[in-house]
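These are my notes from a first reading of a structure.

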Amino acid sequence: MKFISTRDSQALPVSGAVAILSGPAPDGGLYVPQSFPYYDPCLARYKSYAQLAEDIFALYLDDFSGAELGIAARAAYESGAFPPSVAPVSQVGPIALLELFHGPTCAFKDMALAALPHLMTLSAAKTGHTGETVILVATSGDTGKAAQEGFANAAGCRVIVFYPAGGVSGMQEKQMLTGGGAKTAALAVKGNFDDCQRGVKSIFADAAIVRRLKETGRSFSSANSINFGRLLPQIVYYYYAYSQMLAQGSLKAGQSIDIAVPTGNFGNILAAYYARRMGLPVRRLICASNDNDVLKEAIATGHYYSNRPFYKTASPSMDILVSSNFERFLFEMYGRDGALLTKDLRQFAENGDLKIGEDARKNWQGLLYGGSADGDTAAEAIGGVMAKYGYLLDPHTAVGWAVAYRYYDPSEGLPLLLTATASPYKFPAAVLGALGFSCEGLKEEEQLRLLFKRSKATIPAPLAALPGLSPRPRVEIAPEDMGRALLEALEETGL
Ligand SMILES: *Cc1c(COP(=O)(O)O)cnc(C)c1O
C-alpha cells in the first residue's frame, strides 16, 4: 500500500511510514491511500477493539509487521486509558449513539491520538529516522490536550499546541495548560481556529524554520487530521459500532446504516466515508454543522464559500470555516484528478470562494447530506433528550442529534448511527444553560457538581480532577508570531 498526494497524483508514492512521519505532503496536499482495501464487516464481530484496530492498520501499513501493529493497538486501547468497552454504542430512542469520549481527555480525539504516537515511533524506526519529532497541533479545543496526553510518554516527541484565544471552553483551556509533562507547550492565538490552522501550515512551509530545526536534528510532524495516521484509527470505530449494533440486534448482517457526524475539520466523517469505501454498508453520511455552516451550503449547492462571518458557538470544536479534510473527500469526488483539484483549491485559498463542478457534485448525490443547527436548536436537543430519554448530550453531539433527526424516517427501518464526540462535562456552562440553569458566578467545580445533581450522568475522573490542578501560565500571541513563539517554546523545553 502506497500513499499519494491530493494535489498531484503524479508525485512519487510514499509508504505509510513516510506519510505518517511527514503529516502533510510536500506539495501542500494531503496523503491519501492509493486504493481502498476491502475489510469484511462480519470479521469485526468477534474481535476486541484492539484486534480490530490491528487488522485495519495492517491493511494500510503493510510495511509494518502484524506483531508490531498488535503491540501498538494493545498499548493504545488496552493499557487502562480506555474502559474495556472502548467505544460503546448506546441506543437512545431511535438513534444509536457511538460514544467516543471515554478516553483520557473525554473527547473523540483520544480514539486516534492514543494510537498515533505508537504508529509514529514505528514509522521512525522503519524509515531510519533519528532525532526528535516536533508535533505541531492547531486545535479547536480537543485535539490539543488529546495530543499532549497521547504523546506524553512517546520518546523523542515534543508537542506544541496552538489554540484560539477565547475560542475554547474553560475546561478545554485548563486541560491544555495542565499535565502533558515538560515536553509540551500550549499557546493561545489571537484569532480563530482557521488562523491557527493557517499558521501551522505556513510553519510547515517556512524554509528558515524547517532549516533551523534540521540543524538541531529535529523535524516536524502533525497530530491534526491532515495526518493520515490520525484518520486510520478513526476508521476502526465505525466497524466496531456496526458489529456492536449487530450484536445488540439493532440490525441484520449486511444491512445498511446511515451515519451522522457533528463536523468541524471533516476528519471524523471522512473516516466514515473511508470505512464505506472499505466495504462497511453505509447508505448516507450526514454532515452536521453549527452556525459556521460552510459545509452545509457546499454540499447542497456546490458553492464552497468561507469568506463569511465567523461565529463563536457553544460547540467550539466545530467553529471552523475551512475544513482541511474536505480536500480528501473532494479528491475522490473529482475522480482523483489532482491537477483540477489543485487549480480549484488554489483559487479557493485566494478568495475563499469556489463553485464545485457539476461532475464532482453528482458523485455525492445520495451519499453526502449536510445540515446545520444553531445554538437554540442544539440547546433544545440537549433539554429534549434529557427529558425524554434521561441521556445527557454534549453541545457538539447535540448539533449532530438535531441534524440527524431531520433526516430520520422511521418508515425506512434503516438504523441511524450518530457519533457522540465529547463528554458533556467538558462544556458544563453551555449544557447547564440548555437545561435551564444559570451558572453565573459558579466556579467550574460547582458547575460540574450542579450538572451532576441535575443529570445523574457520571463525571469522568479526569474532568473531576481538573479544578484542583494548577495550570501553567497562559501565553497569548498574534497569528503572525506563531513561528517565532514556536522557536521560543522549543528553546524553553530544550531546543
Ligand atoms: C474535533 C471535534 C469535532 C469535529 O470533528 P472533525 O473531525 O474535526 O470534523 C466535533 N466534536 C468534538 C467534540 C470535537 O472535539
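I looked up the bridge partner of Ala260 and found Leu418, in strand 14. The model I am reading is predicted. Strand 9, residues 257-262, pairs with strand 14 in the parallel sense, over three bridges.

I then turned to strand 4, residues 95-99, which also pairs with strand 14 in the parallel sense, here over five bridges. For Ala96, I noted Leu417 of strand 14 as the bridge partner.

Next I checked how covered strand 14 is. Strand 14 spans residues 416-420, and five of its five residues are buried. I recorded that Leu416, Leu418 and Ala420 point one way from the strand, while Leu417 and Thr419 point the other way. Residues on both sides are buried.

I moved to helix 6, residues 143-151. Seven of its nine residues are buried, so I describe this helix as largely enclosed by the rest of the structure. Among the buried ones are Thr143, Lys145, Gln148 and Phe151.

Phe151 came up again when I looked up the largest nonpolar core. This core has 113 residues, and Phe151, Ile235, Tyr238, Tyr239 and Phe329 have the most contacts inside it. Its largest share, 13 residues, comes from helix 10, residues 228-247. Apart from this core I found another, of 38 residues, which includes Ala373, Trp401, Ala402 and Leu448.

Finally, I asked which residues Tyr239 is in contact with, leaving aside its neighbours within four places in sequence. I listed Tyr39, Asp40, Pro41, Ala44, Leu52, Ile56, Ala275, Met278, Gly279 and Leu280.

How values were computed:
Residues numbered from 1 in each chain as written. Predicted model: local features only at pLDDT ≥ 70, side-chain atom pairs only at ≥ 80, totals over all residues. Heavy atoms only, no water. Buried < 20%, exposed > 50% of the residue type's maximum accessible area, 1.4 Å probe, protein only. Helix = DSSP H or I, 4+ residues; strand = E, 2+ residues; numbered from the N terminus. Pairing = 2+ DSSP bridges. Core = buried A, V, L, I, M, F, W, Y, C linked by side-chain atoms within 4.5 Å. Contact = heavy atoms within 4.5 Å.
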